[in-house]
Amino acid sequence: MNRRKMLMLFLLTVMLLVTACGPGEKKSKTGGNVNENVAFPVETANDAPAVKDAFLKVAIVKDSPLVGLLNDALYSDGYDGILIDNFLGAGIFETDENFEVTDGGIATLTVDAPNKKVTIKIKDGMKWSDGQPLVADDIIYAYEIVGNKDYTGIRYTDDNEKIIGMKEYHEGKASSISGIKKVDNSTVEISFSEIGQGVYTIGNGLIGYALPKHYLKDIPIKDLETSDKVRQKIVTTGPYTIEKTVHGESLELKANPYFYKGKPKTEKVTVEIVNSQTIVSALKAGKYDIAYQIPTDLYKTFKDLDNLQILGRQELYYSYMGFKVGKFDKAKGMSVVDPNAKMSDIKLRQALAYGLDVEQMVKAFYHGLRERATTSIPPVFKKYYTKDIKGFPYNPEKAKQLLDEAGYKDVNGDGYREDKNGKPFEVRIASMAGGDIAEPLVQFYIQQWKEIGIKAVLTTGRLIEFNSFYEKVKADDPEIDVFFAAWGTGSDLNAMKLKGPRAPFNYPRFVSDENTKLMEDTANPKTLTDPNYKAEAYKRWLAYYIDQAVEVPLTYRYEVFPINKRVKNYNISYASQSQWAVHLIELTAAEPIKSTK
């Protein structure tokens, strides 16, 4: 799991399972979950002999077509990320349970902290899926694409400019990146202007994947996103490659004989996009072996199916409520705060946060399968999660007090507060469609705010389809005041990537000198010499950022994988990341087992 990137983002509504630990059961058997009341098996319990020629059947639960942009540097949709992370991609580094680089991957990483350099060394015999050798130029090419002025993706951030010469290259002032040196055909040296502990978690501007230069070099970078070479006819280091696609609907995958861990044990995989209304009946009928992204509200309908086993772990995820306080200035390439934005008043934002009873929401809508979030670092990050920050526990009286202090008062006695000038006031909410609880959940928010005197209405008058939702949020649609979304944190806790002034993902568009200073300190070179510095720096930043209430964490969740009982050798533990990859999966029956219930 060296590549659980920040983009699992996109708020995929995964089903979570919470159960109690059995008597005397050790946490190590359940993947080291942080919450003592939560325990999942993390490995399939199937000792039957494997059968030959069976193929794996995978469902991705999505109520809209798959985007299908299957390239590490270019994708932005979390569902595409599922395919890349599990089947079609393989980072050049492996990481341990702390998400720090080990020597187990395609390449090794050596850090020279005093000289602010790293050396990446490709192991002997590494190949692309077309049989061509993976070479130093392929590693460098990833930096050249992401840093290019014509790059159309979303992964260029302030962090990249820690690499010497990257800024000049990005601005078109240089034809190469001066800080990246090809030592030999298998070795790359990268020099940084500053370096911190984040380099060990594939941060600090480091890129964790290579791109096949021999295959892509003739495509103009501005045209890469529309090329079949990143959508259908891909070349990869991952366990599988694409044999056939039906755009937006399905893929047929075949085993990559050159995969660096060995050819996958199952030769063929089919992947289908399945809507949330039919996935449970399909699992019951034995149509699929693995289902990704099942909505939480479906748990009660499949939890007792006797043909399934449920694996789970705490996810690198939090859901949140975002307030629009500015816009992204494309000319400047950064977010700019609007002091006149409707949600610019910190007391208003804090009041709305205190006005939501998240504990009640968790119990009412998630069957106890989530927990209230307090910061943007989930508890699974044992080194950096802190209990000292309490977030915004439900306190309607405090919410009302803050609104009074900010000048939002009910002038005409209709139960709703007017704005500071005594004019009608309403908050426009953007929330995604999908699943049975989407509508009642947003109505819960509206009712909660009504109780503190705030009128809330849905932007567009209805819930918004997943892809359209993010287009509106990214475009800073003026009809959106508040939006409800989620982030996958990724394994590199780099705040600047998501919340920095130049981060495209800074959807609230909040910027302040203090925020930038505190975020930068989490990557301070001191983090390389003082084992406690990074954790303390994160605590200082979070204490400030959470208090600003521009992005209010709501829930943490547990990721689960409904697995058909014919599946063997699937392990999802963070502590055994080299073992849970799909290349080890075997099947013990010719077809998925059907439920008898």
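How many nonpolar, polar and charged residues are in the lining of the largest pocket? Keep that in mind as we start the tour; this is a predicted model.

Select Thr152, Gly153, Ile154, Arg155 and Pro504. Of the 33 residues lining the largest pocket, these lie closest to its centre. The space here comes to about 750 Å³. As for the opening question, the lining has 13 charged, twelve nonpolar and eight polar residues. Now colour helix 3 (166-170) and helix 11 (466-474), each of which supplies at least two lining residues. Helix 11 gives the most, with five.

Move on to Asp476, in the loop between helix 11 and strand 17 (482-488). Is Asp476 buried or exposed? Asp476 is buried, because its relative accessible area of 7% is under the 20% cut-off. Show its neighbours next: leaving out residues up to four places away in sequence, Asp476 touches Lys324, Gly326, Lys327, Phe328, Tyr507 and Arg509.

**Stop three: helix 7.** Select residues 346-354. Seven of the nine residues in helix 7 are buried, so the rest of the structure largely encloses this helix. The buried ones are Leu348, Arg349, Gln350, Ala351, Leu352, Ala353 and Tyr354. Display what they pack against, including strand 11 (317-323), helix 9 (396-406) and helix 14 (533-548). Finish at the N-terminal end of helix 7, capped by Asp345: one of its side-chain oxygens lies 2.8 Å from the backbone nitrogen of Lys347.

Definitions and conventions:
Residues are numbered from 1 along each chain as its sequence is written. This is a predicted model: local features need pLDDT of at least 70, side-chain atom pairs count only at pLDDT 80 or more; totals for chains, interfaces and linings use all residues. Side-chain values use heavy atoms; hydrogens and water are left out. On a 1 Å grid over the protein atoms alone, a cavity is a set of points where a 1.4 Å probe fits but cannot get out, and a pocket is an open set with protein on both sides within 12 Å along at least five of seven lines; lining residues have an atom within 4 Å of a point. Grid points are joined across faces, edges and corners, and a volume is the space filled by probe spheres set on the points. Helices (H or I, at least four residues) and strands (E, at least two) are DSSP runs, numbered from the N terminus. Ala, Val, Leu, Ile, Met, Phe, Trp, Tyr, Cys and Pro count as nonpolar, Asp, Glu, Lys and Arg as charged, and the others, Gly among them, as polar. Buried means under 20% relative accessible area, exposed over 50%, partly exposed in between (1.4 Å probe, protein chains only). Contact means heavy atoms within 4.5 Å. A polar contact is a pair of N or O atoms within 3.5 Å; within protein, one must be able to donate a hydrogen and the other to accept it, and residues adjacent in sequence count only if both atoms are side-chain atoms.
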